[in-house]
Every structure is written in structure tokens, then in C-alpha cells.
Amino acid sequence: METLEVHSKDFLIKWINAPDNSIIDWEAKPLKKSINFSFYKKKEESLNQSETSLLDTNSTAALEPPTAIAPPPQRTRSRSASTASVNQFTKSNDVYRSKSRASTLLSINESDLILIKNYNKLVANELIHGKFEVEKGGMFAFVFDNSFSKTIAKSVQFSAKIVSKSKSEEHIAQQKVVAEVHDQHLFDENDVAPGETLQSIMLKKRRKKLQGFTKRYFVLNFGRETLSYFKVDDNKLRGQMPVKDCIVSANPSSREFIIDSGMEVWHLKAINKADFNAWVNAFNTVKKEETVVPTSTTEESDSKEPVIASTPLGASNSELQLIAQKLAQLKTENPSPLANEIHQDFLNLLTRAKGQSSSSPGSADVQSVFSSDFHDAVDHFDETGVYFLDDEGKIQEDEEVADDGESSSEEEEEEDEEFVQVAPSGVHADQGIVQDKELPQPTVEADDDNLYPLPHDPVSRSSDIPICTHTPPSILSFVRKNVGKDLSTIAMPVTYNEPTTVLQKFAEMLEYPEVATNALISDFQDESGEKLLRVAAFALSYLSTQRAKERNKRKPFTPLLGETYELVREDLGFRLISEKVSHRPPVFAYHIDTEHWTLDYALSPGQKFWGKQSEVTTKGTVYLKDKSTGEVFTWTQPTTMIKNIIAGETYAEPTGSVTIKSSNGYKAVAEFAKGGMWSGRSEGVIVKAFDNRKKELTYSVEGNWTESFTLKTKSTEKTIWQAGELLPQYQKKFGFTEFAGTLNKITEMEKGKLAPTDSRNRPDLQLYEKGDTDTAETLKNKLEQDQRDRRKQLETAGEEHIPKFFKLKRNGPVDEAEWEFIQGEKSYWNRRKKGDWDDLIKLW
């Protein structure tokens, strides 16, 4: 995939010329930041109207402007019918004015592009894959719109290929790749065929006023009829023009070009006269679809010369004859099939070139010279190639060339943007477009609406843990004694544990918060079901924590009553607080805050042995609330079977289905694939969405809960979730993911701030992670005995344990009730600010 770079307050169009009866197979992936994306086709009318007759530029003399200004031929073209129209400028220097980027769609609507599909926002780091069947060929435009971003430049990976399709129904599945539509292969000399492209450095006028020109590397592709440009020594595409459908104006005395597509205007300047002549020849070749005759330049420039092997330069007949003689000599002295083929191909090109050189360089249809005022397309233009401007039409402007080694304001902006960290983007309420927001400043106000301690400077945290040097004990005798019993009520040897608590285990539901954020901040229509399906992907992503089979051999530490766990991730944009609020049955309450949504759940896990497998159930409902709309999504955790616990390879497998409900009446149902007796673990899952009338929607999600989920529409596929990385040597580290490896770490953000009841402060857990199993076993037994003693004291006094940070919201079974996070002065986060932990239970 090639990388496109889109300026802030700007857009980039990737042009593709597809033939009849073909398929455009494309992929796009925004990097780090989201971007708007749409797909258009150029109107047939404009394509027909832009057929042109052309200059003959076989000699340099033909490029000189005539002494008298001849009126252009009387040929009209409506502005609304073509993007190749010339903007109407009231002053000659208006061509340098930056176009308003407030509404890219408005600019496109005034052009001759027909919208095929508007994909709105492409979510950062999500791969979208689509196919479009082309019945009648033409020019297609992929528009990447970053006009909503004031300061942030965006990078997008993009690839497209043209695939031919067989007309025969018997061979409809047989497809052949016609062309890979990207320009980065041009930087590999072995991939560039002679005559295919013209490449050289030119100067390009900067977008802002009074910033002069800067050097850029330009590539004209004759086959695709597009002009692309890059930074020098960089392969990120920064812009592209469909030359055949543009108005190209040139000033020989200043070596300047003005290329206008109707939506954007480029002002370029050739390095020297030879390059200028070469580019005029090339533009005319594209606009008249002439055969390319490669030649060479005679002048040297202070930078890269046009690539000779792929340059349609004007050359005299004597020069061409000389090359033909050298090829004949090569054929004689080094006979080979390749030499014979090259010699014959060149003779064919030479013959065609002679046949096309009959037009007079000074004829009226060769050059059009305009006055200092540009004319609108409703006036008359001869669309015959490059129009020449006289000296009066030359635009007087600061022509200072900025060295790439020096940083202009534009370059500084773009370099800085690579290191800018911003809060997740939101949706503009009026325009329906995504806008980047500045980070809020830290605050210490006693206000539950802020996200203290967020925002926070980036924190260094290690995800690695020591290698486990012991194995879990044999479970056969243990199972025989406890068949059908709830393991949460049974004391287990410490070596049967992993170095986390249940509080930390359920915090892994927040490993992929961006999946939920992407669902809620985007302008997805309810009718498609995309928002709901993305929320469903977030709900199911937690299952991936069990994908390493080594992790299914152990269980987390059971927290003590009153034990807490906080998790603040400044890089993921959330804060989490949890507390064990009930011991029998065990209930763990959670509250999570982000900028755009909140998450609340109180879960009560249980595990029972059934012969060769165990069943893990989790009571309790998860509530996800959209802060901007108030919409609430709810779901429960699926039942998971742990198989082969006595012999064979132990693995986890979710069973049945999960229903994700929205408060607007819509729902999504996730069905897990059923495995056979000998098929091993089943990993497939299909999610379908239904509206409030129980009608199935067109979008769906498919994938494996161990790897990734793909959102499927009629024409595209989007990878909306991918599993994170496992730890190096995870087989010897409890099967932990990188996220799980960070859960027990105390960073500078937590040091001196944690509640004394936090799981990170458990001495037995810390010793167990370091490998001191004997001391950890002793401490674990002591802590559990101390808990029994405290419970007896409460029973004797006729009292009950009262949680510190959560309260029961309504009556009912404790393990199925909803628990509410306590707000206000006594909230966890306000107490954390003050270090107010005096009334907490001393657990260790």
C-alpha cells in the first residue's frame, strides 16, 4: 500500500482510470488519525468534452510564444460540466489564493463528479476494503477530506488495483489483475518501463501567501494520465491531478505552469528550460494521447534531471536516427531476442513519430496566448493542450525558493503534527463532521465531571513479567472431590493462580476502548446498524484475553472483601475504579469514565466442574452510555467452557449467543460457531443487527474472537477490531497479553496515590509474580484467615459490610443487581486527590 499525506484544511484526490467491465479493488487505512472519505466518478459528458487536439512539440522552437496574440478558437464548454474549467480570476495573482476548505463537498458538488458513495469518517487504524464493479469505464476519484482539521495533517495507506472480469457466466469467478494503481513503485527503477512516466523535480508554490516556492518531486504517468507529487527523497503521495481533464497554462519566459482541475490549482515552475520543454511535451502528449518518444535533455539542473528512460522529450530526427543506429550496432554485436525486440520497438516508435510531426509549429491551433486576465470556462477556450501566457500574464509574486533543509511555517506545522497528542475526536453538532479537539487542561476541582487524573503526560509502563518456573498441580484428584461445586467457595493452592486478581481480570474488558469510542463519536445512521455492531465488537473483544491456551490452566486470585483496583490509562483515555462489594456471592463492581462514554457493570463469576470440562458463567449486566445522546447499550457475558482440563490441550470456548441491546429498540445478536467433537476450538462468530421491528439490517460483523472482526456491507469490508499482542514467550508467562502484563505495575501515576486496598498492594500477589511461591502461599492463607475473622466479628455485632465506593441501586439478588458508583465529595477520585483513605479496611 502506498502512503498518502493530506494537509490540514485540505483534501487529496486519488484518480483512477478504469476500463469497461472491470472491478476496482481498493483498500484504505488511516494512520493514527481519522479522515473523511468518499468515492466519485467523473461525468461522461465532461470526459467527452475534454477530448482535445494538441500541440506538436518536437522542437524547442515550437514552445516559444508567438509575437502576436491570436484569439482562441470558438469552442465552448460549460463550467458545470467539467472540472477542467478555468477559475475566473478578477486579478492575475488570484491564482495564488488558497481555496476555502470550509466545505470540500461544496467544491466537489460544483464540479463534474458524481457521488458513488460517501463513507463519511474512516476510523484511525481501521482497514477498509471495497470493490466496485465498473460497467462503463471512466475516471474515478477517491477523495480523502481533511478540511475539518485545523492543524493536524493526516496519513493514509491506500492501494487499488484494476481487475478485469469475464463476461462468460461460466467463468465469472475468473478475474485478472490489469494494473496496480499506485505510484510508489516509481521509486524503484526496475519497476519503471521506458516511456511510462516523466519524473523530475519542479518548484511548487506553497499554499500560504508570501512563502515562495519549494522543491517537490513530480511524476507524470502517461498510462493513467495523472500528475503526482512528493517531497524530495520521500515516497508519501501529497497530491494528484488528472492532467487530461485539467487546464494547463504555461509561461515560457518564466518557465511556470498553472494546472487547474476546477477544484484545486497548482502553480509550478520548471528548474531549467530543458525541463520546461520536457514537461510541455509531456502534458501535450497526455492531453492528446500521443505516443511517447523518450529522449534526453541537454541542460543540467541543480537537482534531479527528468528520468530519461521515461521522458517524452522533444528530439530532432538526427538524434533519433543516431539512437536507432546504436541499437542496430548493439543488435549486431550482442545478438539476443531482447536486443532484437528493443530495436524493432524503437523503429516502430520512430515511424509513428515521423507521421505525427506534420502539423506546423506556428499554426493557430498549436498555441493559445492569453492576456493577463484569465477567462472563465463559459467564455471560449481551445482545449488543445498547454495554453501559453505572455509576459504580461506572468504573475509577479515572491519567487523565493525554500530549501528543504530549512523549515518554513508549513513544514514546521507538518513536522510538529507527528508528535501532537490530542484527545479523541468528536462530532460537530451542526455540520456533522469530525473535528479535532484540544486537550483539556488538568484540574484539581472537586468536580465529578472532569476525568482526573486525566489528561496526563505519557507514562512509561513495562508489560513484561518474569517467566513462570512452576506448573499448576494435578487437578484430577481435586476434581473428583469437587464435581458440581462452585470453585469460588473452595480454597485453591496458590500455584493454581495467575498473578492477577479477579478485579484486574475484568479490567481487561477495557483493552480496546477505541472500538467503543469509534462507534459513538462517528455519524453512523441507525438504519445501517453500524454503531450497534461496533459496540457489539467492543463487547466481544474481551473474549480474546483467553485466546492463549496457557491462560486457561489457571485462575486469578480471589480478591478480599473491600479490595479495590484502579486503572488509569492516559494513552487510551479512560479511568477505571472497581471494588469487591460482596463476598458470598462474590460481586465485583466497576465504573469507567471516558470523554465520550461511561461503562458500568457488576459481575459475579462462577465456575463448576463437569467431568472433563468446567463451565464458567458470569452473572450481571454491562451498561455502556453515550454521553452525547444518552443512548444506553446493555449486554451480558457469554458462558465459556474450559475443555480438556484433565488430559489434552486445555482451551476456552464461548458457547451460545450474546445479545447487545440499544435503548432505541435496536439489537445485535452474536452467534458463536459450534465445534465438532474432534474439530478443536471453535473461534468463529457472526453478529447480525436488527431494528426495533426485528427486521434484519444489511450490515453484519464476522470474524474470530481470537483474531479480528470485520464489518461487512454490500460493497466494503472494514476491519474494526484486531487482537493485541501477546507477551514474548507468552507460553511461559501465563499466556498474558501485553495489556495484562501492565495491570500489576505501579507507575509514576499511581505511586503514592493508590488506595491502600488496591490489588497492586497485595503482598502475596507481588511475591507470586516474582516466583516466591512458598512465601506467597503462606501470606495468601493468612490474608484469607484474617478475612474470615473480620466476617465473624461483623456477624457477632449484627452488622454488614458496607462498600466504600459503590452502593446498591435497587433491591434484588445481590449477584444480579445494579450497583451505582458513589459521586460527590466521597467519590473515589475526589478522595484520591486528597489522599483520604482513613476509613478503609486494613486488608494486609
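**Salt bridges and a helix pair in a predicted model**

Both E566 and R832 are buried, where buried means under 20% relative accessible area, exposed means over 50%, and partly exposed lies in between (1.4 Å probe, protein chains only). This is a predicted model, in which local features need pLDDT of at least 70, side-chain atom pairs count only at pLDDT 80 or more, and totals for chains, interfaces and linings use all residues. Residues are numbered from 1 along each chain as its sequence is written, and side-chain values use heavy atoms, with hydrogens and water left out.

**The protein as a whole**

- The secondary structure consists of 14 helices and 40 strands; helices (H or I, at least four residues) and strands (E, at least two) are DSSP runs, numbered from the N terminus.
- The protein has 844 residues, and 53% of them count as buried.
- Among contacts with a separation of 6 or more, 68% are between residues 24 or more positions apart; a contact means heavy atoms within 4.5 Å.

**Salt bridges**

- Side chains of opposite charge can pair when their charged atoms come close.
- A salt bridge is defined here as a side-chain nitrogen of Lys or Arg within 4 Å of a carboxyl oxygen of Asp or Glu.
- By this rule there are 29 salt bridges.
- One of them joins E566 to R832, with the closest N and O atoms 2.9 Å apart.
- E566 belongs to strand β24 (residues 564-569) and R832 to helix α14 (residues 828-834), so this pair ties together parts that are 266 residues apart in sequence.
- K804 and D839 also meet through their side chains in a salt bridge, at 3.6 Å from N to O.
- This pair links distant parts of the chain, 35 residues apart: K804 is in the loop between α13 and β39 (806-808), and D839 is in the segment after α14.
- K804 is partly exposed at 29% relative accessibility, and D839 is partly exposed at 37%.
- A network of salt bridges links K804, K826, R831, D836 and D839.

**Helices α12 and α13**

- Helix α12 covers residues 763-770 and helix α13 covers residues 773-797; their axes come within 8 Å and cross at roughly 160°.
- That angle makes α12 roughly antiparallel to α13.
- The axes are lines fitted to C-alpha atoms, for helices over the stretch in contact, and angles run from 0 to 180 degrees between N-to-C directions.
- Angles under 35 degrees count as roughly parallel, over 145 as roughly antiparallel, 65 to 115 as roughly perpendicular, and the rest as oblique.
- On the α12 side the contact is made by P763, D764, L767 and Y768, and on the α13 side by T773, T775, A776, L779, K780 and L783.
- Sorted by class, the contact of α12 with α13 has six nonpolar, two polar and two charged residues.
- Ala, Val, Leu, Ile, Met, Phe, Trp, Tyr, Cys and Pro count as nonpolar, Asp, Glu, Lys and Arg as charged, and the others, Gly among them, as polar.

- K780 forms a salt bridge with E784, with the closest N and O atoms 3.0 Å apart.
- K780 and E784 both lie in helix α13, four residues apart, which is about one turn of the helix.
- K780 is buried, with a relative accessible area of 5%, and E784 is buried at 17%.
- L765 lies in helix α12 and counts as buried at 0% relative accessibility.
- The C-alpha atoms of L765 and K780 are 8.3 Å apart, and the two residues are 15 residues apart along the chain.
- Not counting residues up to four places away in sequence, L765 touches P499, T500, T501, Q504, F557, N744 and S759.
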